[in-house]
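Good morning. I will go through one protein, starting with the terms and then moving to the chain and a few of its residues. Please keep the picture in view while I talk.

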Amino acid sequence: DVAIGFVEALVRTEGERIAAARLRGDFIAPAFVLRDLEAALAGSPLVFDAIGRHVDEAFHRPFAAILGVRSLRVLADAVLAAAAALDTKG
């Protein structure tokens with residue numbers, strides 16, 4: 001779902017919730033959108049519906065475009081993958 005390159009999330013969790021998240025990769029999006037999305041993810045449960053809702057809300061605002069991904073789902077999937085990787089390390 002990424003036109004070229006990658007999308008990656010860095011996640012810190014507290015129990016079954018996101019404590020902090022960072023998104024990065026080979027895409028272009030306004031800094032204010034990513035900043036607000038990362039802030040909105042803090043406290044969110046680690047379930048696709050909640051994370052996906054935050055992603056959708058972030059990118060359906062005025063002037064909130066993203067280039068380089070074919071689907072916004074890739075952002076939510078990256079957050080969940082990062083959280084799952086923490087489980088395998090602990």
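First, a contact means heavy atoms within 4.5 Å. What you see is a predicted model, where local features need pLDDT of at least 70 and side-chain atom pairs count only at pLDDT 80 or more, while totals for chains, interfaces and linings use all residues. Residues are numbered from 1 along each chain as its sequence is written, and side-chain values use heavy atoms, with hydrogens and water left out.

Now the overall layout. The protein has three helices and two strands, and their order along the sequence is β-β-α-α-α. Helices (H or I, at least four residues) and strands (E, at least two) are DSSP runs, numbered from the N terminus.

The C-alpha atoms fill a box of roughly 35 × 25 × 20 Å along the principal axes. The radius of gyration is 12 Å, which agrees with the value near 12 Å for a compact globule of 90 residues. That radius is taken over C-alpha atoms, and the globule rule is 2.2 Å times the number of residues to the power 0.38.

Of contacts between residues at least 6 apart in sequence, 59% join residues at least 24 apart. Buried residues make up 37% of the 90. Buried means under 20% relative accessible area, exposed over 50%, and partly exposed in between, with a 1.4 Å probe and protein chains only.

Glu 38 sits in helix H1, residues 31-41. Is Glu 38 buried or exposed? Glu 38 counts as buried, because its relative accessibility is 15%. Leaving out residues up to four places away in sequence, Glu 38 touches Ala 21, Arg 22 and Leu 23. For Leu 23, the backbone nitrogen lies 2.8 Å from a polar atom of the Glu 38 side chain.

Now a loop. Pro 62 is in the loop between helix H2 (48-59) and helix H3 (73-89). With a relative accessible area of 61%, Pro 62 is exposed. Pro 62 and Val 33 are 29 residues apart in sequence, and their C-alpha atoms are 10.0 Å apart in space.

Phe 63 also has its place in the loop between H2 and H3. Phe 63 is exposed as well, at 74% relative accessible area. What is the phi of Phe 63? It is near 65°, a positive value in a residue other than glycine. Most residues other than glycine have a negative phi.

Definitions and conventions. A polar contact is a pair of N or O atoms within 3.5 Å; within protein, one must be able to donate a hydrogen and the other to accept it, and residues adjacent in sequence count only if both atoms are side-chain atoms.
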